[in-house]
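Thanks for making time. I will go through one structure, a part at a time, and you can follow on the screen.

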Amino acid sequence: MKPDNILNPAGPASDELVPSRYALRIGDIEVLVISDGVLPLPTETMSTNVDPAEREAWFKTMFLGPDAFDWALNVLVVRSGDQTILIDAGLGGQFDGFPRAGQSLRRIEAAGIDLGSVTDVVLTHMHMDHVGGLLSEDVKSRLRPDLRIHVSAAEVEFWAAPDFSRTDMPDPVPEVLRSTAKQFLDQYHNKLRTFADEQEIAPGVVARRTGGHTPGHSVISVSSGKDRLTFAGDLVFPVAFDHPEWHNGFEHDPEESVRVRVRLLREAAASGEWLVATHMPFPSVGHVALNGDRFRWVAAFWDY
Ligand SMILES: [Zn+2]
């Protein structure tokens, strides 16, 4: 089944009570945010450089925690010209302990988008919650043989000998991240199209390496006419607006992550563009406001 466009899906109606996809248009480009589900994480991974009491207070003001909270997980499908581009692939269903994540590829098909119509995949980075969805046999068999997977060269190089010395992740996460990235590279190396700093993937769709979270981490901007949206990957977490300086345990270079995050938030506030991030609550579409020196997340008013 191949719908004319992703804003008018031709697929079967979803039986899910809570919506898991949100469509918007950026000029001539169609964008669909799909929820991969949620995964529970310990709250301490959100701030490894602050006093636990301060962290606890923040989570309390957000009505979350105190020990764990559900981390959102979003992917994008973008259609520009005759290309259909998947930005990140979610967790996949192969990992124990995350029964509510790994839903995105099933949900993409439920939206009437045939996985075989995807021409390009762009990866913000190679953590398991971004590449895991590509690893099931079920998915691999449905992807087209000439699929192009875009990722920065620095990211591929990093995972040949990944450094976890600056991270603070619960066990056995580092080992699973390492083995998942290796598995991904083993299975898809012949489809990789690497880029150094910047690459236009399709008209108006540009991947740009930022580093920080991982050395090859990239953001993807979608622009057409006056409209612009940036998919920030893992540069922005829910705490990032009140506390951009908090280190996240999953960051391979926490100081650089803070610098890159603040730069990105300032740019988004100045331009007024839409921001979407992997781990912001679904549908994760909003603007960044800057009040004095404090950032604020302004979620989109849903457009039905
Ligand atoms: Zn992530």
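I need one term before the rest: a residue is called buried when its relative accessible area is under 20%, and exposed when that area is over 50%. Take S224 as the example. S224 is at 12% relative accessibility, so it counts as buried. Please keep in mind that this is a predicted model.

Staying with S224, this residue is found in strand β10, residues 218-224. What does S224 touch, beyond residues up to four places away in sequence? The contacts are I26, G27, D28 and I29. Along the chain, S224 and D28 are 196 residues apart, yet their C-alpha atoms are 6.1 Å apart in space.

Now the metal. Which residues are the protein donors of the zinc ion? They are D129 through OD, H130 through NE2, D234 through OD and H279 through NE2, and they lie 2.1 to 2.2 Å from the ion. The angles among the four donor atoms run from 87 to 163 degrees, and the site is irregular. Written as a spacing in sequence, the donor residues read D-H-x103-D-x44-H. H130 lies in helix α3, while H279 lies in the loop between β12 and β13, so this pair ties together parts that are 149 residues apart in sequence. Are these two histidines buried or exposed? H130 is at 0% relative accessibility, so it counts as buried. H279, at 1%, counts as buried too.

Another histidine to look at is H127, in the loop between β5 and α3. Its relative accessibility is 2%, so H127 counts as buried. The side chains of H127 and H252 are joined by a polar contact of 2.9 Å. Leaving aside neighbours within four places in sequence, the contacts of H127 include W159, M169, L177, H213 and F250.

Next, the nonpolar cores. The largest has 51 residues, and the members that touch the most others are L86, I108, M126, I149 and F184. Among the elements that give two or more residues to this core are β2, α1, β3 and α6. Which element gives the largest share? That is α6, with six residues. For a view from one member, take I149: its contacts, not counting residues up to four places away in sequence, include V121, L123, L134, F184 and Y188. Apart from this core lies another, of 23 residues, with I85, F195, L229 and V285 among them.

In α1, the residues R55, W58 and F59 are buried. Seen down the helix axis, the buried residues of α1 fall within an arc of 95 degrees, so they line one face. β3 is part of what covers them. The face of α1 turned away from the buried side carries E56, K60 and T61, which are exposed. At the start of α1, a side-chain oxygen of D51 comes to within 3.0 Å of the backbone nitrogen of A53. Just after α1, F63 has a positive phi of about 60 degrees.

That brings me to backbone geometry. Most residues other than glycine have a negative phi, and most peptide bonds are trans. Where does this model depart from that? D88 is not a glycine and has a positive phi of about 65 degrees. D88 is found in the loop between β4 and α2. S284 also has a positive phi, near 65 degrees, and sits in the loop between β12 and β13. In that loop there is P283 as well, joined to F282 by a cis peptide bond with omega of about 5 degrees. A cis peptide bond also joins D171 and P172, with omega of about 0 degrees. P172 is in the loop between α5 and α6.

Last, D168, which lies in the loop between α5 and α6. D168 has a relative accessible area of 45% and is partly exposed. It touches T45, T48 and G249, not counting residues up to four places away in sequence.

Definitions and conventions
Residues are numbered from 1 along each chain as its sequence is written. This is a predicted model: local features need pLDDT of at least 70, side-chain atom pairs count only at pLDDT 80 or more; totals for chains, interfaces and linings use all residues. Side-chain values use heavy atoms; hydrogens and water are left out. A nonpolar core is a set of buried Ala, Val, Leu, Ile, Met, Phe, Trp, Tyr and Cys residues joined through side-chain atoms within 4.5 Å. Buried means under 20% relative accessible area, exposed over 50%, partly exposed in between (1.4 Å probe, protein chains only). Helices (H or I, at least four residues) and strands (E, at least two) are DSSP runs, numbered from the N terminus. Contact means heavy atoms within 4.5 Å. Donors are N, O and S atoms within 2.8 Å of the metal (3.2 Å for Na, K and Ca); water is not among the atoms, so sites may look incomplete. Four donors count as tetrahedral if all angles lie between 85 and 135 degrees; four count as square planar and six as octahedral if opposite donors are over 155 degrees apart and all others between 65 and 115; anything else is irregular. The arc is that of the directions from the helix axis to the C-beta atoms. A polar contact is a pair of N or O atoms within 3.5 Å; within protein, one must be able to donate a hydrogen and the other to accept it, and residues adjacent in sequence count only if both atoms are side-chain atoms.
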